[in-house]
Amino acid sequence: SEAAAAAAAAAALPPLTTAEEKELKAFDLDSTYGPCLGLTRLERFLRAEKLQINPPPSVREILHRVHPTSPSAQAILSGKPGVVC
């Protein structure tokens, strides 16, 4: 099934390092790149890039190694009730 294939693909990716997780959290908390409500980290990164805000290239590199359905693909504050990031 498609879900099983996605799970297998996610399992094949190496886990993020602590430093990489910290970098993604710092990106989430930096308001320079705009709000993150309703966006994945990659969508927010691409929007910032389109607006020429110059997000860190290292964030893109990390996000390209993360499966889109992984919790690491989501901003740390997205989906939390009452939180607008």
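This is a predicted model: local features need pLDDT of at least 70, side-chain atom pairs count only at pLDDT 80 or more; totals for chains, interfaces and linings use all residues.

Biologist: Fine. At what angle do H2 and H3 pack?

Modeller: Helix H2, residues 18-29, packs against helix H3, residues 41-50, at about 60 degrees, and their axes are 11 Å apart. H2 and H3 are therefore oblique to each other.

Biologist: Is the crossing of H2 and H3 left-handed or right-handed?

Modeller: The crossing is left-handed.

Biologist: Which residues meet there, H2 against H3?

Modeller: From H2, Leu24, Lys25, Phe27 and Asp28; from H3, Arg41, Arg44 and Phe45. By class, that contact has three nonpolar residues, four charged and no polar ones.

Biologist: Switching to Ser72. Where is Ser72?

Modeller: Ser72 sits in the segment after helix H4, which spans 57-63.

Biologist: Buried or exposed, that Ser72?

Modeller: Ser72 counts as buried, because its relative accessibility is 12% and the cut-off for buried is under 20%.

Biologist: What does the side chain of Ser72 make a polar contact with?

Modeller: With the side chain of Glu21, at 3.1 Å. Leaving out residues up to four places away in sequence, Ser72 touches Leu16, Glu21, Leu24, Arg41, Leu63 and Val66.

Biologist: And Ile53, where is that?

Modeller: Ile53 is in the loop between H3 and H4. Ile53 is partly exposed, at 28% relative accessible area.

Biologist: What does Ile53 touch?

Modeller: Thr32, Tyr33 and Ala48, again not counting residues up to four places away in sequence.

Notes:
Residues are numbered from 1 along each chain as its sequence is written. Side-chain values use heavy atoms; hydrogens and water are left out. Helices (H or I, at least four residues) and strands (E, at least two) are DSSP runs, numbered from the N terminus. Buried means under 20% relative accessible area, exposed over 50%, partly exposed in between (1.4 Å probe, protein chains only). A polar contact is a pair of N or O atoms within 3.5 Å; within protein, one must be able to donate a hydrogen and the other to accept it, and residues adjacent in sequence count only if both atoms are side-chain atoms. Contact means heavy atoms within 4.5 Å. Axes are lines fitted to C-alpha atoms, for helices over the stretch in contact, and angles run from 0 to 180 degrees between N-to-C directions. Angles under 35 degrees count as roughly parallel, over 145 as roughly antiparallel, 65 to 115 as roughly perpendicular and the rest as oblique. A crossing is left-handed if the near helix is turned anticlockwise from the far one by less than a right angle, and right-handed if clockwise. Ala, Val, Leu, Ile, Met, Phe, Trp, Tyr, Cys and Pro count as nonpolar, Asp, Glu, Lys and Arg as charged, and the others, Gly among them, as polar.
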